[in-house]
Amino acid sequence: MGDKENKDRYEEALESLENIAEQFYEQLDDGEVPSMDIPTRSKTNIELDRRKGVWKLGDSTTNRSANNLKSSRMLLRTLYMLELIQDMIEEGKSSTLREMYYISEGWDKAQFSKQNQSDSLAEDMELVTGALREDFKLRPEEDGARLIGDITVEEVNRKGDVRTINCRDDVGDSGYTIPYNVESDKVNFSDVNVDFMIAIETGGMFDRLVENGFDEQANALLVHLKGQPARATRRVIKRLSEEKDVPVVVFTDADPWSFRIFASVAYGAINTAYLSEYLATPTAEYVGITASDIMSYDLPTDKLSKNDRKALEQELEDPRFDTDFWKEEIETMLDIDKKAEQQALAKYGLDYVTDTYLPEKLGEMGLM
Amino acid sequence: MASIAEKLADKQQEISVGEFFERNKHILGFDSLTKALVTTVKEGVDNSLDACEEAEILPEIKVEIEEVGDREYKVAIEDNGPGIVKRKVPEVFGKLLYGSRFHEISQSRGQQGIGVSAVVMYGQLTTGKPTKVRSKINEKDYANEMKITLDTKKNEPEVLNEEVVLWEGKEHGMRFETTVKGLLRRGKHSVFEYLKNTAIVNPHAKIEFDRDGDKTVFKRATDQLPEKPEAVMPHLKGIELGTLAKMAKNADRRTLKSFLKNEFSRISYSKAEEICEEADIDPKTNPSDLEVEDHKDILNAAEEVKLMSPKTDCLSPIKGMLIKKGLKNVLKGNHPEYYAPPTTRDPNVYSGNPFQVEVGLVYGGELEKEGPVKVLRFANRVPLLYKKGGCATTTAIKNIDWRIYDLDQKGGKGMPSGPAVILIHVASTRVPFTSEAKEAIADIPEVIDEIEKGLRECARSLRTHLNKEKKRKKVKKKFTVVNDILPMIAKKSAEIIGEEPPELDRSLTKIMGVVYIEEESSWEDGRCKMEIEIMNYTPKERDMELFFEKPYPETELLSSNVEPDHEGDHLEWKIEDLEPSETRTFSIEFDGDLEKDDLDGTDIYIEGVGETKLIGAEPLPEDWDIELTDIEEED
Ligand SMILES: Nc1ncnc2c1ncn2[C@@H]1O[C@H](COP(=O)(O)OP(=O)(O)O)[C@@H](O)[C@H]1O
């Protein structure tokens, strides 16, 4: 995994980007109207890859042509973005998506009017080229989530030196922060001494498990998801699961939105369905809090809102939730008309989650 | 006219014309002070226009109104017509119903008033003043001037003083001055509105209005005189009982058979016999011996017997291009964005009377956006200002669901609203008025149907135009694509792959797909410059013709960067081999006392480009051909 491999990776991305420019050029030279086909990113265009167990993008595409003002602008922006990436690769720099949005102020007619336009165009380019935005030297501005547990990470720092970090011993209470690029040129896992990893939705619960020393108690890697997990977080989970055979469980609130967090970790998200193969961990299991937990542990609850019920009903239609387990969970939740937070377990004391709840649940799964 | 005339004739023995006038003020158009003034002007102007056309003179009419006392006005109307011979002047101005035409039936304005003598009488009754008339019939002659009043008991003229005067600067013409009680208003029912509307349907006339020194001139927009309407015999099917009685009484023919054959249109001897047989009257009967019952039988027989429809080629419509010119002449200050090609329907017949409908529609620009569309109604080129609600024109408009033509209309019923002006002209040898006041057209199904069809034709053009406007906006947006974005795409993509930027013309024309016309005009001191750019944004090389209609006959072409292939009332250029993405520019300069709003893009026409591909100009209207052949004949 030397410099050369790196170079190749960027070179490849660059080449496929330049193909777009070449395509426009040739279309113009032939007297045609420049255009490009982009796979359609929508709910109607995702399909299950049965072999891999992830939801991927389907075959339908959208044509973007210079025939009208809006899309001709997008084509021009594509070229400007391409040139920016060219420059960044040449100069060994990277930029955040937000920075790119600001850089576009100098792009004349190709300027973006909102950041979601530039974010979305970056995703389009990934789609068309098959490369990742990291290959384009673009990264999200939010930092990655945190890890605590007995694994050792080798990370290449800014200076190009390799740092070896044990995620239990060499870090503070907030753990090891996952960088935006977690590919093998940047991050590798050398020593993995955990039995499983537990991905936790909320910061409060993550900190509770850290304080209670659950990582050592259960010999587990604690991963903070920070709500809907960032790509890098999902990628780390996927790599640890695949490369190091670490079983994955997901621990969230008991509400319809948390169910979707699980789905994006396990099966893939709609917006990034083209990356599912690379981001989703189909072996991940849901540990809780389940709707049945609400009853069996008699947890403090809130009533479902109208939106909650709607979300649950949509989930009943969502192909990703079409399993016996989820059907029952969703229907039970609709039945009892209640939801609960992870921290509701504190009703029985601060240690209850680590002393009783998780050991019981993980025990059932054979992980403790 | 016939029925008022009969009434008058019947009653003449019993009551004086003065009394008759008093009782029938509402019919004669003198029932309110405002209306009296309009009627005064109208009787004079209608006569002037009729007389000029008859003598084939391009009319030049002056109307002067001066306030001379409390609700008292001096009205003068002057024309450049043939004038009236001296001995006839007293009769025309001083004898009620002198000029009414009985046997002759034609599309004339005169149908619509009682005659100018009624004005003389009105003035005399309300102010006690006589009417001063001046007439000149020959350039080398003196003019005659006399003051006239009317003996209301005997219906005879009285000439007060007579003079011979030199009328300098006038070859021939008429002028009369009368003083009347009245009220001069602005707005819908005003003299101004009447003159303005008269100017619209008489684009060959120059009309000057001087209101207490405040002058308005409606310029002549064409020097094409209207075709003379042909006088025809009445058709037996459309005639009123009274008229038949009158004709029979005065007939020159000695037998009913020859009376029918010779004094009515489309009756042969055999048809005449058939009618007599059906009516069970001896064809040899002297027509003057017929009784009222016989007249009725003859009319009933006419219904039974199959008669040929009356001739319809005796009418003289205004016709498309001239309607547009007239409308534009008066509306140009509102900068309307669109003149629908006016429709002239084929002549049709209602109960034995030929009639013909014309419709025009103007849309957008600075026309009033709020409220119902404005309707201009005309019968035989005379504006109808009153009784709009009870008019066939209104019925026809309300019959249409205007929403399908992109005009607003609440619930698809009633008057449409929006920035539009609708013109409706009904020409007929006998316009079917609702009443003898002749202010509105009756709801005759055939007439309504024709109006409706004319309206729909214009409305369809409007819809097409509005769709094209939408397209124009889209195309405008595409200008940014082809002018800014596409070149940038070309430059950037070439830069990235290290090539020279590619040629863009073919791609660019594929994106646009239209022939785009843009014009700009500037005005200074009666001179007008216009720049017309024609851009071929289609992938094909094209030939076409450009036409530009001059606003006035006296408009003079000062210069043109490209020599026109024809110059007359319009200019014409042949454009050959206009390559894809090529632009050709025509810079033309006009002189001839032009005003700021005289020239605009609505006068540009293009022949040879499909309507859907043509943006920014209209295709050549169909009736243009008529003018072309006319010109060739003159040459
Ligand atoms: N301005 C005029 N110039 C020439 N002739 C005129 C003029 N005004 C009226 N006349 C003649 O006088 C006749 C009578 O006119 P008028 O009494 O107004 O009735 P009408 O117009 O109905 O025939 C007209 O038919 C026309 O021959």
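Entry one, the interface. I found that chain A and chain B bury about 2,300 Å² between them, 70% of it on carbon and sulfur atoms; buried area here is the accessible area (1.4 Å probe) that two parts lose on being put together, summed over both. Tyr25(A), Leu28(A) and Leu69(A) supply 28% of the area that chain A buries against chain B, more than any other three residues.

A note on the source: this is a predicted model, where local features need pLDDT of at least 70, side-chain atom pairs count only at pLDDT 80 or more, and totals for chains, interfaces and linings use all residues. Residues are numbered from 1 along each chain as its sequence is written, chains are lettered from A and ligands numbered from 1 in the order in which they are written, and side-chain values use heavy atoms, with hydrogens and water left out.

Entry two, contacts. I looked up contact (heavy atoms within 4.5 Å) and found 29 residues of chain A touching 25 residues of chain B.

Entry three, charges. I noted three salt bridges between chain A and chain B, each a side-chain nitrogen of Lys or Arg within 4 Å of a carboxyl oxygen of Asp or Glu. One joins the side chains of Glu83(A) and Lys492(B) at 3.2 Å, N to O.

I traced an open sheet of five strands in the order S19-S20-S17-S22-S24, with mixed pairing; strands are DSSP runs (E, at least two residues), and two of them pair if DSSP finds at least two bridges between them.

Note on methods:
Helices (H or I, at least four residues) and strands (E, at least two) are DSSP runs, numbered from the N terminus.
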